[in-house]
Amino acid sequence: MANEATLFWEVELPIPFTVANGVGIEKGTLLKLTDPMTAAAADGAADVLAGIAAEEKIASDGKTKLGVYRRGIFKMTSDGSISVGASVMSDGTSNQVITATTATSGAKTLGTSLETAADGDTFLVDLNIGSGSPNS
């Protein structure tokens with residue numbers, strides 16, 4: 001997969017989320033959260049986020065649980081320029097991250113940029129769902 005998130009430092013173990021049996025999810029996919037504690041590939045900039053897939057989920061393999069990282073340091077790809085210390089969120093379409101807007105709050109915030117990045121750069125992100133404050 002292009003733009004997959006790559007674990008750089010593990011700070012917490014992944015936790016199991018429910019996933020649909022018939023859907024494939026690649027390792028490193030940014031996941032959205034649905035009720036009850038269910039994860040699916042993020043597909044909108046305003047998604048409430050579950051975390052990052054810790055392993056591959058093969059479609060129709062009978063598995064309905066998937067390990068999901070909610071904390072850790074990940075190498076991710078930027079969609080636009082991002083400043084060090086900025087809160088980041090899903091770009092919604094390409095498994096990349098963008099600077100969080102002032103309207104972003106709660107679990108829509110993925111974490112904090114640990115490096116400055118230009119459009120298309122890979123950079124370190126402190127994955128911490130719901131952390132940080134919206135950027136102005």
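Is Q96 buried or exposed? With a relative accessibility of 12%, Q96 counts as buried, where buried means under 20% relative accessible area and exposed over 50%, with partly exposed in between (1.4 Å probe, protein chains only). This is a predicted model, in which local features need pLDDT of at least 70 and side-chain atom pairs count only at pLDDT 80 or more, while totals for chains, interfaces and linings use all residues. Residues are numbered from 1 along each chain as its sequence is written, and side-chain values use heavy atoms, leaving out hydrogens and water.

**Around Q96**
- Q96 sits in the loop between β8 (87-90) and β9 (97-99); strands are DSSP runs (E, at least two residues), numbered from the N terminus.
- The Q96 side chain reaches the backbone oxygen of S78 at 3.2 Å.
- Beyond its neighbours within four places in sequence, Q96 is in contact (heavy atoms within 4.5 Å) with residues including N3, T77, D79 and M89.

**The largest nonpolar core**
- A nonpolar core is a set of buried Ala, Val, Leu, Ile, Met, Phe, Trp, Tyr and Cys residues joined through side-chain atoms within 4.5 Å.
- The largest such core has 19 residues, of which I52, F74, M76, V97, L110 and L127 touch the most other members.
- Strands β5, β7 (71-77) and β11 (122-128) each supply at least two residues of this core.
- The largest share of this core, three residues, comes from β11.
- A second, separate core of nine residues includes F17, V19, I25 and L66.

**Around I52**
- I52 lies in strand β5 (residues 49-53) and is buried, at a relative accessible area of 0%.
- Leaving aside neighbours within four places in sequence, the contacts of I52 include F74, M76 and L127.

Notes: Helix = DSSP H or I, 4+ residues; strand = E, 2+ residues; numbered from the N terminus. Polar contact = N/O pair within 3.5 Å; in protein donor to acceptor, adjacent residues only side chain to side chain.
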